[in-house]
Amino acid sequence: MLTAALAVAALAFQTVSAITLEKRAVDYYDPTANGGSMLDKVGDTGLGEPLNVIISGLSSRDVLTDDGILNYARSIGFSEECFGIHQGDPQAANLGDGNGWVNQTVELRQDYGSAGIGTCLESVIGGNHFRIWRQNGSQADSGALFFAVSQEEPFTEHHTIVPDGYNIGRDRLVQNAVGQTSFNDVSYSTVARNITGLLAPGANGVNHNISTDGIVTLLTVTIL
Ligand SMILES: *[C@@H]1O[C@H](CO)[C@@H](O)[C@H](O)[C@H]1NC(C)=O
Ligand SMILES: *[C@@H]1O[C@H](CO)[C@@H](O)[C@H](O)[C@H]1NC(C)=O
Ligand SMILES: *[C@@H]1O[C@H](CO)[C@@H](O)[C@H](O)[C@H]1NC(C)=O
Ligand SMILES: *[C@@H]1O[C@H](CO)[C@@H](O)[C@H](O)[C@H]1NC(C)=O
């Protein structure tokens, strides 16, 4: 009887271990703990934009791939930039993972309802957009995705960020993401948690001298 109970317990333990192993071990590693920064780099201006949303490394693995994050982004109202029209140069980030400063993998803009056309419209009237980096170097391999999210002014000559645009951009993205979303027959459940003490609040070194509240929102995304 006791043996049987132990066997069941051991089996349960094994199952839990197996599930844990399929996922990465941590939400993220603090980039600043290993020479990185929670601000990206905007060219050689010496300024940067805040990495204000993190997709946890404990999310379903498929979400953390290039294709997976695109599909997820579409489920929360974003798509790839309109026909390759691209405002400005890529920005670089150092996630303290041993990869140094690397350019963003992709830039996504808000999709106003129809893929392609939506992002073109967004390019004209402004909106929410974000850039993505992956923390996957040999020194900090969480697999987490770091986003620099901002809310832009309507397009005039070039895109600029609205006052308070980093906080607003983050909060709007998170509002769209939390709960259940789906795209292409993939359904997602997203949970948010705010982190302080990672990104310094204020405007020191921040592009456009726009102050932030220092909150980074961690999203854990599970494929249902
Ligand atoms: C990053 O982007 C800049 C601007 O387009 C480019 O000059 C630079 O070569 C890129 N760096 C890498 C490592 O691809
Ligand atoms: C890390 O992610 C980048 C894109 O963000 C990718 O180009 C690179 O191949 C990845 N490296 C590893 C070791 O998976
Ligand atoms: C995170 O902080 C923002 C800004 O204060 C707030 O609007 C939001 O409700 C918070 N989210 C969570 C999950 O605590
Ligand atoms: C940034 O804004 C603050 C107050 O809003 C102002 O005092 C400061 O001079 C500005 N700095 C720059 C470099 O524009």
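Q: Leaving aside its neighbours within four places in sequence, which residues is Leu173 in contact with?

A: In this predicted model, Leu173 is in contact with Val53, Ile76, Phe78, Asn128, Phe130, Phe147, Val149 and Leu219, once its neighbours within four places in sequence are left aside. To read such a list, one asks whether heavy atoms lie within 4.5 Å.

Q: Which residues have the most contacts inside the largest nonpolar core?

A: A core of this kind is built from buried residues whose side-chain atoms lie within 4.5 Å. Here the largest nonpolar core has 22 residues, and Leu173 belongs to those with the most contacts inside it, together with Ile55, Ile69, Tyr72, Phe130, Phe147 and Leu219.

Q: Which elements each supply at least two residues of this core?

A: Among the helices, helix 2 (66-75) and helix 4 each supply at least two of its residues. The largest share, four residues, comes from helix 2. Apart from this core lies another, of 19 residues, which includes Leu39, Leu51, Tyr166 and Ile195.

Q: Why is helix 2 described as largely enclosed by the rest of the structure?

A: A residue is called buried when its relative accessible area is under 20%. Seven of the ten residues of helix 2 are buried, and therefore the helix is largely enclosed by the rest of the structure. The buried residues are Gly68, Ile69, Leu70, Asn71, Tyr72, Ala73 and Ser75. Just after helix 2, Gly77 takes a positive phi of about 100 degrees.

Q: What is the order of the elements of the chain from the N terminus on?

A: One begins with the inventory: the chain has four helices and ten strands. From the N terminus on, their order is α-β-α-β-β-β-β-α-β-β-α-β-β-β. Of the 224 residues of the chain, 46% count as buried. As for contacts between residues at least 6 apart in sequence, 66% of them join residues at least 24 apart. The chain exposes about 10,900 Å², and carbon and sulfur atoms supply 56% of that area.

Q: Is Ser56 buried or exposed?

A: Relative accessibility decides the matter: Ser56 has a value of 0% and so counts as buried. Its place is in the loop between strand 1 and helix 2. A polar atom of the Ser56 side chain lies 2.9 Å from the backbone nitrogen of Leu58. Not counting residues up to four places away in sequence, Ser56 touches Asp27, Leu64, Ala144, Leu218, Leu219 and Thr220.

Q: What is phi of Asp164, and what is that of Asp185?

A: The general idea is that most residues other than glycine have a negative phi. Phi of Asp164 is near 65 degrees, a positive value in a residue other than glycine. Asp185 likewise has a positive phi, of about 65 degrees, although it is not a glycine.

Q: Where is the place of each of these residues, Asp164 and Asp185?

A: Asp164 is in the loop between strand 7 and helix 4, while Asp185 is in the loop between strand 8 (179-183) and strand 9. With a relative accessible area of 36%, Asp164 is partly exposed. Asp185, at 83% relative accessibility, counts as exposed.

Q: Which residues are around ligand 3?

A: Reading a ligand site starts with its shell of residues. Around ligand 3 these are Arg170, Asp171, Ala192, Asn194 and Ile215. The protein covers 44% of the 370 Å² of accessible area that ligand 3 has on its own. Helix 4 (165-177) and strand 9 (186-195) are the elements that give two or more residues to this shell. By residue type, the shell divides into two nonpolar, one polar and two charged. A polar side-chain atom of Asn194 lies 2.3 Å from an oxygen atom of ligand 3.

Q: Which residues are around ligand 2?

A: The residues around ligand 2 are Thr105, Arg134 and Asn136. A polar side-chain atom of Arg134 lies 3.3 Å from an oxygen atom of ligand 2. For Asn136, a polar side-chain atom is 2.4 Å from an oxygen atom of this ligand. The protein covers 36% of the 360 Å² of accessible area that ligand 2 has on its own.

Conventions: Residues are numbered from 1 along each chain as its sequence is written. Chains are lettered from A and ligands numbered from 1 in the order in which they are written. This is a predicted model: local features need pLDDT of at least 70, side-chain atom pairs count only at pLDDT 80 or more; totals for chains, interfaces and linings use all residues. Side-chain values use heavy atoms; hydrogens and water are left out. A residue is near a molecule or strand if one of its heavy atoms lies within 4 Å of it. A polar contact is a pair of N or O atoms within 3.5 Å; within protein, one must be able to donate a hydrogen and the other to accept it, and residues adjacent in sequence count only if both atoms are side-chain atoms. Accessible areas come from the Shrake-Rupley method with a 1.4 Å probe; for residues, only the protein chains shown count as cover. Ala, Val, Leu, Ile, Met, Phe, Trp, Tyr, Cys and Pro count as nonpolar, Asp, Glu, Lys and Arg as charged, and the others, Gly among them, as polar. Buried means under 20% relative accessible area, exposed over 50%, partly exposed in between (1.4 Å probe, protein chains only).
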